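Here are some notes on the model you sent. They are set out as numbered points, by topic.

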Amino acid sequence: MNASLPVPATITTIRPLTDDTTLYTLDCGLNTQNNGVASFLPGQFLELSLPGIGEVPISYCGFPSAGGAIELCIRHVGHVTTPLNRSVAGDAVGVRGPFGHGFPLDSYENQDLLLIAGGLGMAPLRSLLLALLNQRQRWGELTLLYGAREQGALLFLEELLQLAKRNDIQVQLAVDRLEHCLEGPPNCRVALLPALLEQLTIRPDRTCAALCGPPVVYPYLVSGLKRIGLPDERIHLSLERRMKCGVGRCGHCAVGTFLCCCDGPVFNYAQLAGIEGALA
Amino acid sequence: MPAHFLATKALEKLLSLLRKQGELHAPQRGDDGVLRFALLKAGDSPDLDALRTQLPPKKYLLHPRETILTYRAGSGYQEPQGRSSPLILFGVHPCDLAGIDYLDRLFLGDAPDPTYAARRAALTLIGLSCFPDNLCSCHLHPSTLKASCDLYLQRQEEGFVITSGSLQGTELLEKLKEIIEERDLPIPEDTRRFFGRQLPPPSQSELDAAMPDWQELANHCLGCGACSICCPTCACFDVLEFGGLDGSSSERLRCWDNCLFKSHAEVAGGMSFQKNRAERFRYRYRHKYRGFGQLKNIPSCVGCGRCRAACPAGLDLRTLAERLERGNP
Amino acid sequence: MKPLRLAIAGLTACSGCQLSLLNCEQELPQMLERIEFHFFPMACSPAILEGEYDATLVEGCLSMPHELDLLLALRQHSRYLIAVGTCAAWGGVAALRNGENREELRQSVYGSSTATSGSFSPQPLHAMVAVDAFICGCPPEKEELLNLIGDLLRGALPSPISHPVCSDCQMRENLCLLTERSALCLGPLTLGGCGARCPSLEVPCEGCRGPVPEANLSEALELYLQKGYDHAAVLGRLRRFCPEWKS
């Protein structure tokens, strides 16, 4: 099998989430014929091909076991993702994956879980969140902290507000600024993520944190988590790099001696501590 | 045990035998004075004294720019058709053989790369011993890489001791019976290894801490990328896609890339994880000494001296090694 | 697929970049199937500026008030505006004598004619308007122009180049004119993508594609100095195509 060869997929639905971010559903065909691209773990990524333009690494965003169909939450900022915005349902794309290590679900058994997402980082964490909720009884307390620039940039807002009504998960949203509205949605404060973190009470010996956000926020979140007593091994972060090939060859995604595409993109902080430039 | 000896005057016969196996390439000096591996036409002689060709043999296994996929509406992405025809490289020195071993580990490991695998399978390697000059450092850098080849020619006065390193090599030896003499010569213990003393590799902390002057070194770097291009083990590649004018078909290309270029670790939106020349420069050194991913802890400098020869500013890995040695006697 | 509405304009330049596109004779029929050239004064008449454009390609630099008017109008009505050629991207040869007295230069060429009155020191496009992408070269490579069209047909912009000419040259296993012949070759400082067209013919790189990102000018100057060239000669060579080079 040629790991560089994408299998065909079709865009089935397109749902704009914010001004610059869209949720796509792709039909990847039968699981027997798509090289397993739809069988993934939360935190893993795939390479999405837009014919004629190129390929881009994208985190899986949806529920892992939805056979053949995958959800991808994509911000239109790059060489491939900008023209992707012109796509319509029925368009052909290519996909290959899954690649890398996702979040270590098995080690989360009976643990309290603290998910912290910033901006587009909600995309891979939504996949984790859906997986956790699907087997809710396996884990302890669930908390989601999610911050974005402004209310209009909060992804999956309605979905998250619905979740917030459940009593088996705590959802806290934050925006950097209120922009045009006088007050934000319920459960939403004007604050930065590290500030939300400071007000949390957690049980450090039985909590794992799963982080995904822009690199700039990681140092603050990690030091915040360490301050409330979380050991490095219990802090899991998803890193962004230029993962071109996905199979450890092209050399663009090194983090110290790790390759983000094979050893990551989800690392625990004990792996990354001491690696210069690992976080930002 | 007597050694297989090939007299220099019988070399042409070996070359014609090799030509029967496929296209024969060997080091030759061009009119411009550049040494290159190139097609060795019948009647032409390889440059037996050539120490380092400008590009290593990796150019045969990974073309600088090549189509890896085509896209057509309806049929989707497809691998290009076409087979690799047999290629024989004559006169490959141990450093370059070790370089090929590194590329093999990278491209033939998990999920082998089909383009590379096909070319590698069609490649016959005829090694040739050499003597290091002042740019070589194969004797300074320890390596777990193996300089394997199908036939190895150890130069002697008036000829070569030939040893086989593969089944194919043994078959070739059979066919050479008529021109090979059995001479009572010491067979080199292991002709295909690096020679000289082995130094331990610099430790991680040495690479980081003993070098506070990365910025100073990087200041001299022109960022031209010559060191990576001519390196037998540098194999970073970029993948580009070009859409046809019909609006639907396209070609996906794999091109040699370079960690010294600004775009190397850039992600969408322009953020880069190697922000400046100093970071990229150090990244290259770290990669050479430590490796990463599945080739972690495999130093990949084979000591061929090309980067030093090619660098307009005279920088190379050995400068670093020398500084490390000075700092840690 | 909706046809691509394209405008192609030439400002102060030799028209060579537009000509390079027109020289793609084999590909032109195919382009015409997908592209509506609505404003392309060099090739199509009448040239009327109207409606919105998916993309505008502009050759040349700005040196006349009417060129600025045209550029602003094109910018206003184009989704993408692309600087094509080194003049549009960096000023190019027309900007060679920027910094000298403009009026004296004008009179030395045109005498008392008023045809060029109002002209100003040639500027690259980005001095006045936002530019979405740059295709460098004097002229750009045919392949780059065709790839640009291929990208635009799909709503994409070309990926920027970040490698120098040296890289192209080394990949072709050329003799290094800088190290082996001590030639004043501008390869290390110049944007690649030309396949090292000149050095491959043993002609030193003239720098016609403008600066590579993060060019290490000070170290290169040092090196040229060691090889016997003075700063003024090197900078003069560099500024032939890009007046923005400063020591």
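**Notes on the predicted model**

1. In chain B, E241(B) stands opposite R252(B), a residue of β12(B). The model is predicted, and this pairing of positions should be read as part of it.

2. The strands around that position are β11(B) and β12 (residues 250-256) of chain B, which run antiparallel and are joined by seven bridges.

3. Both strands belong to an open sheet of four strands in chain B, with the order β5-β4-β12-β11 and antiparallel pairing. Each of the edge strands, β5 (76-78) and β11 (237-243) of chain B, pairs on one side only. From one strand to the next, the twist averages 25°.

4. Between chains A and B, the contact involves 36 residues of chain A and 33 residues of chain B. On the side of chain A that touches chain B, at least two residues are supplied by each of β4 (54-59), β6 (92-99) and β14 (258-259) of chain A. That side of chain A is made up of 16 nonpolar, 13 polar and seven charged residues.

5. Chain C is assigned two domains: domain 1 (4-153) and domain 2 (165-239). Taken over C-alpha atoms, the centres of domain 1 and domain 2 of chain C are separated by 27 Å.

6. Where the two domains of chain C meet, nine residues of domain 1 are in contact with seven residues of domain 2. Helix α4 (residues 86-90) of chain C gives the largest share of the domain 1 side, three residues. The domain 1 side that touches domain 2 of chain C comprises five nonpolar, two polar and two charged residues.

How values were computed
Residues are numbered from 1 along each chain as its sequence is written. Chains are lettered from A and ligands numbered from 1 in the order in which they are written. This is a predicted model: local features need pLDDT of at least 70, side-chain atom pairs count only at pLDDT 80 or more; totals for chains, interfaces and linings use all residues. Domain bounds come from an automatic or database domain assignment. Ala, Val, Leu, Ile, Met, Phe, Trp, Tyr, Cys and Pro count as nonpolar, Asp, Glu, Lys and Arg as charged, and the others, Gly among them, as polar. Two strands pair if DSSP finds at least two bridges between them. Axes are lines fitted to C-alpha atoms, for helices over the stretch in contact, and angles run from 0 to 180 degrees between N-to-C directions.
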